[in-house]
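Please read the following notes with the model open beside them.

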Amino acid sequence: MSEDKMNQGEELKERDKKSKLKSEIISWIQIIVAAFILAFFLNNFIIANSTIPTGSMKDTIMEGDRVMGLRLAYTFGEPERGDIAIFEFGWICNRCKTAMGEGEAPETCPYCGQEITRPDTLYYVKRVIGMPGDKIEIRKADASEYVKASEISEAPVGSFEDISPDTVLVTADVYVNGEKLEEPYLNEPMLYTGDMDFEVPEDCYFMMGDNRNNSEDARFWQDPYISKDQMTAKVYFRYWPGIKWLDD
């Protein structure tokens, strides 16, 4: 075989190698782009992930747990009483990352004093207690339901301090449209901090935490109602640490 033919053969092999490498690179780029598009579509239109930052939902969901919700549940359906839901609550400063804002973000962060240019959305996870049109009442429970301080593990919002373990604490019940709400998911009895009355507007929901004595929920918000368009996803299960189904 002549030297020219040998050189031509080597050139063809080299071109073939480069062509295969190019095809492989293009194939990998296509896979990565497709995966990115699929992940973007899933995360923005199908599912919602959330990491629980506090113990306001214990023992149902613990601080640090990661949960998965389905956006389509509220795209094509309505929230129901008892749902655990991820919803938009407020804003996070894109400068100092402080997540304390309720409602719309101001132009200037009150915490760091800098202009808020691209606020992140602050999401909460709570349980649906009040439906549109519901009348929610929180009232003192019967004396038979009162508990000793030693039976309460959480320091309640608006806290009881320096009390004896034998001190009897007054508990409270939630009433929906005049009927007492049975709440087997509560981690301990809810302590009474005064009568409260709420009337849920149309297309809005009243949200509370399962760890009722240590939950900054609708009882204490400036605006106690979450609108339908703020309801992001229904939570179905915890996926870390370990799988735990929550849609019972």
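In what order do the four strands of the open sheet stand?

1. The order is β10-β9-β6-β11, with antiparallel pairing. Strands here are DSSP runs (E, at least two residues), numbered from the N terminus, and two strands pair if DSSP finds at least two bridges between them. β10 (179–180) and β11 stand at the edges with a single partner strand each, so one side of each has no neighbour in the sheet.

2. This is a predicted model: local features need pLDDT of at least 70, side-chain atom pairs count only at pLDDT 80 or more, and totals for chains, interfaces and linings use all residues. Residues are numbered from 1 along each chain as its sequence is written, and side-chain values use heavy atoms, with hydrogens and water left out.

3. Antiparallel strands β6 and β9 are joined by five bridges. Isoleucine 138 has valine 174, in β9, as its bridge partner.

4. Threonine 232 lies in strand β14 (residues 231–240). Threonine 232 counts as buried because its relative accessibility is 10%; buried means under 20% relative accessible area (1.4 Å probe, protein chains only). Not counting residues up to four places away in sequence, threonine 232 touches Ala48, Arg71, Tyr74, Ile86, Phe87, Glu88 and Tyr123, where contact means heavy atoms within 4.5 Å.

Notes: Buried means under 20% relative accessible area, exposed over 50%, partly exposed in between (1.4 Å probe, protein chains only).
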